[in-house]
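This report describes pockets and a domain interface.

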Amino acid sequence: MKNKNQRWLSYQKEIADDHYYFARSCIRQNFFPASETIFLKILREELGKDIFDDPEQTTCTGIAYHSGIIPLETTMTVVARQFALMTRAGHENFVCSCVTSFGIYIEVLELWKHFPEQEKKTREALLKSTGLDFKIPVNLVHTSDIIYKFRDQIAAKASLKLVNCTGGNPLKIVDHVGCHYAKIFPDKGIGGAEYPYVLAGLIDAWGGEQVDYPERRHCCGFGFRQYLIKENRGYSVTNSKFKFESMAPYHPDLIIANCPGCTFFLDRWQYVISEMENKTYDSEGYGIPVLTYEEVAGLVLGYDPWDLGLQLHQVDVEPLLIKLGVIYSQEGKYKGMNGEELGKPAKPQFLKTH
Amino acid sequence: MESFYQLLSNDIRFQEGLKACISCGTCTAICPAAQVSDYDPRMLVEMVQTRNEEVLLELLNGDAIWRCGECLSCKTRCPRGNTPGHIIQALRALSIKTGLFADSKQGNLQLEIKRTVGEHILKYGYCVHIDEIDTGKYPEQGPVWEWFRENRESLLARLGANYNHEGAGTLRKISNRSLEDLQAIFIETGAMERFQQIESGSAKQAKDEK
Ligand code: SF4
Ligand code: SF4
């Protein structure tokens, strides 16, 4: 038993307890625009933590880098600038809100360890171009790592569990951790590449049931340049389809994704597949809702689903809300800032919406 | 002139990515690109390992190196510590640097990414931005996105974003100071030069085709 526990310890990682510097994500901001606000609210108001949201931070360039349009030196120097902003703000615990960024930051730090002369060159390039200098973060994690760390505190404040309100059975939930969370540097992700537990831990703590299915670890199909180039997008939708086909026999009620890109693809490609083949992966024709972990945490804490931005998902979330017994206003779904009516989105051809 | 192999060896990703391949095929078995296209990382690593300049030329001016999706699943699984995805990064960089990318259809498509993601970084401070994503270029976005985009001022305000305004927050306007920093870094570290190489290589190719 001791041996087993020790082995599991090697799959754990250090996650700072407080005082974070926050780095936003290109994709999460656009496609799940309430998620980062909810993350900050949970940290500050529910958990009483200190986290700095710096207006001067930018992209890490990860999408451009993995598409091959900018050099490694550029990415390293932009990363160094982010660290310099953290240093200037008096912080040392860096938290990023994107799995691609997480992979980029770790890769840069590892390369600097293996090639110290490269770190020196980057420092010189940063100083010359911006006048800035930096310290290496003491702790560097992904936003979901922090939600994972405080999952029991969130459970203690929860107003609902991830169970079906009629019958009380746990909801069946698929987790998708995203390739760059633990496949590049397995020791940097909770549970490593073999047993990623960052989202599964949330499912367990909040009352749901994990779905284990054959393609659980398969890529969502982003493929960087393969999605960005319109004629290559078959790559992306096909890989997502492998996953949907593989998970469908287990009848999942919900997919939770770690990476904003994966969340986006698993949502939108269900719509595309329904348009192309009149096919959905649930029994009712609505598709399987796909949420970010911040959105799920918000639901568990009893926040209004339309304040979480759930009306912006293409796969309708209402079937999930009904299962969870969330009381929500149907009229509120399509209202704007001052309660004004904003009309409704057009209906897809086949994918059902409420 | 340095050989292609020498030029590749100067790239630290190549040094990290290629130890000694035993041609076991594990990378190909788990590779999402191999599942959906005529692409085979095992074969590619074998070709690189020959160090044969003609074989390397075939890679640098062909489509294969552009098929990888950079998921890096191969890094986790290779029993010899190779990373085909890193070797690809070095090959792509060299292909652009030498102008050979423009000889292949897939290589030429880099222009599309430079003109979207590349330019968005310098304009908005982020790789993607709602103002640039319409359902013409991105039809998979679907009707909810269309509705969101039409009503973005109001919806983003409702969701606590700081859309197009100064200060902190979701989708805020990035300060000139930060954009200038990015621009200066891009000039200093060779990104502007690479943008230029992509533009001129593709322009030359378009002219030759005419
Ligand atoms: S997994 Fe590694 S050793 Fe096996 S073929 Fe691929 S690169 Fe070569
Ligand atoms: S990084 Fe490229 S070669 Fe490696 S598994 Fe992913 S798609 Fe295949």
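On a 1 Å grid over the protein atoms alone, a pocket is an open set of points where a 1.4 Å probe fits, with protein on both sides within 12 Å along at least five of seven lines, and lining residues have an atom within 4 Å of a point. Grid points are joined across faces, edges and corners, and a volume is the space filled by probe spheres set on the points.

The model is predicted: local features need pLDDT of at least 70 and side-chain atom pairs pLDDT 80 or more, while totals for chains, interfaces and linings use all residues. Residues are numbered from 1 along each chain as its sequence is written, chains are lettered from A in the order in which they are written, and side-chain values use heavy atoms, without hydrogens and water.

The largest pocket has a volume of about 680 Å³. Its lining holds 25 residues, and those closest to the centre are A:P71, A:E73, B:D11, B:K97 and B:R194. Helices here are DSSP runs (H or I, at least four residues), numbered from the N terminus. At least two lining residues each come from α5 (72-88) and α7 (116-130) of chain A, and from α1 (4-9), α2 (12-17), α8 (84-97) and α14 (191-209) of chain B. With five residues, α7(A) gives the most.

The second largest pocket has a volume of about 370 Å³. Of its 21 lining residues, A:K183, A:R217, A:H218, A:C219 and B:S73 lie nearest the centre. Here α10 (179-182) of chain A and α3 (26-30), α4 (32-36) and α7 (73-77) of chain B supply at least two residues each; the largest share, three residues, is that of α7(B).

**Domains of chain B**

An automatic or database domain assignment gives chain B domain 1 (4-100) and domain 2 (108-209). Their centres, taken over C-alpha atoms, are 29 Å apart. Four residues of domain 1 are in contact with four residues of domain 2, contact meaning heavy atoms within 4.5 Å.

Buried area is the accessible area (1.4 Å probe) that two parts lose on being put together, summed over both. Between the two domains of chain B this area is about 400 Å², with 66% from carbon and sulfur atoms. On the domain 1 side, B:W66, B:A93 and B:I96 lose the most area, together 81% of what that side buries.
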